[in-house]
Amino acid sequence: MKRDGFEQLIYTKRRKVVEIVLNRPDVLNALSIQLYSELGEAVAQANADPEIRVVVITGAGRAFSTGGDLKQGSTVNREAPKLFAQASQSAIKQIMDAEKIVVAKINGITQAGGLLIVAASDLAIASDRATFKCPEALVGLWEPYSPALLAPQMGVKRAKYLLLTSDTIDAAEAERAGLINRVVPHEELDSATEKLVERILAGGPTALREFKRMMNERIADFDTDIIIDALSSEEGLEGMAAFAAGRKPTWRE
């Protein structure tokens, strides 16, 4: 069923704020090509609305997002790597290039592409139940967003640790590392986010827009060919197939 033209997310406008809810809770809000595309469209729609000043992104259920839908990736046609690369890049770029301030409201499990949405957002507030992980290497995949976005926020060594070990960190560690701004008790996440939004709205719209623009223009454009190469590689195909089958991948050294 479509809501405001969207099938896999919920778009709600309240005065000067749009809330976007990633709405595939049965698969922990895994990012299908469609959901990535709808997220980019939703942020663009909010950015084009002169009444809106803040966009909040969150997830339905117990996850923010576990990242790319790998089961989809192992079965779709040969054009899928290009379509996935384009959709994911568009969503991340829409968040970063939007004139509106984007806040990630992190309600739970956050991995891979979900973590990149958080990193691309301007501010991030998390439930104390949230966890963070970069599991791409476990399925033989790589992408350009993590090196570009995580290292400036967390520092090179912390970013490398997440990418090279695929370890999980909790919300308190994510706050200490600089990935998120604040951790609150789960039951206070909504009210704390509302207070954060009110603080943002107290600032001058042009001042906020210019601060965001000047900080984000330092980040280079992403090369989608990197994602296409990863999804099309022998290693990536084996990793996705293993994930879909519930087995360990067999790597060729």
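Trainee: What makes strand E7 and E10 a pair?

Mentor: Three bridges join E7 (residues 123-127) to E10, in the parallel sense. Two strands pair if DSSP finds at least two bridges between them, so E7 and E10 with three bridges qualify. Within this pair, Ser-127 has Val-184 of E10 as its bridge partner.

Trainee: What kind of model is this?

Mentor: It is predicted: local features need pLDDT of at least 70, side-chain atom pairs count only at pLDDT 80 or more, and totals for chains, interfaces and linings use all residues. Residues are numbered from 1 along each chain as its sequence is written, and side-chain values use heavy atoms, with hydrogens and water left out.

Trainee: Where do the labels E and H come from?

Mentor: They are DSSP runs, numbered from the N terminus: helices (H or I) have at least four residues, strands (E) at least two.

Trainee: Which sheet holds E7 and E10?

Mentor: An open sheet of six strands, in the order E1-E2-E3-E5-E7-E10, with mixed pairing. Strand E1 (9-14) and strand E10 (182-184) are its edge strands, since each pairs on one side only. On average, neighbouring strands of this sheet are turned by 20° against each other, direction ignored. Helix H1 (residues 33-48) packs on the sheet and touches E1, strand E2 (17-22) and strand E3 (54-59). The direction of H1 makes about 10° with that of E1.

Trainee: How do you know that E1 and E2 pair, and in which sense do they run?

Mentor: Count the bridges. Six of them join E1 to E2, and the strands run antiparallel. Lys-13 stands opposite Val-18 in E2. Two residues lie between the strands of this hairpin, where Arg-15 takes a positive phi near 50°.

Trainee: In which sense do E2 and E3 pair?

Mentor: Parallel, over six bridges. Val-18 finds its bridge partner in E3, namely Val-55.

Trainee: What makes E2 count as mostly covered?

Mentor: Six of its six residues are buried, where buried means under 20% relative accessible area, exposed over 50%, and partly exposed in between (1.4 Å probe, protein chains only). Val-17, Glu-19 and Val-21 point one way, while Val-18, Ile-20 and Leu-22 point the other way. Both groups are buried.

Trainee: How many bridges pair strand E6 with strand E8?

Mentor: Three bridges join E6 (residues 109-111) and E8 (residues 131-133), in the parallel sense. For Ile-109 the bridge partner in E8 is Thr-131.

Trainee: What makes H4 mostly covered?

Mentor: H4 (residues 113-120) has eight of its eight residues buried. Among them are Gly-113, Leu-116 and Val-118.

Trainee: Why are H4 and H5 called oblique to each other?

Mentor: The axes of H4 and H5 (residues 145-154) come within 10 Å and cross at roughly 50°. Axes are lines fitted to C-alpha atoms, for helices over the stretch in contact, and angles run from 0 to 180 degrees between N-to-C directions. Under 35 degrees is roughly parallel, over 145 roughly antiparallel, 65 to 115 roughly perpendicular, and the rest oblique. H4 and H5 are therefore oblique.

Trainee: Which residues of H4 meet H5?

Mentor: Leu-115, Leu-116, Ala-119 and Ala-120 meet Tyr-145, Ser-146, Leu-149, Leu-150 and Gln-153 in H5. By class, this contact has seven nonpolar, two polar and no charged residues. Contact means heavy atoms within 4.5 Å. Ala, Val, Leu, Ile, Met, Phe, Trp, Tyr, Cys and Pro count as nonpolar, Asp, Glu, Lys and Arg as charged, and the others, Gly among them, as polar.

Trainee: Why does Leu-28 count as partly exposed?

Mentor: Its relative accessibility is 21%. Leu-28 lies in the loop between E2 and H1, and its phi is near 55°, a positive value in a residue other than glycine.

Trainee: Is Ser-166 buried or exposed?

Mentor: Buried, because its relative accessible area is 6%. Ser-166 sits in the loop between helix H6 (156-165) and E9. Its phi is also positive, near 55°.
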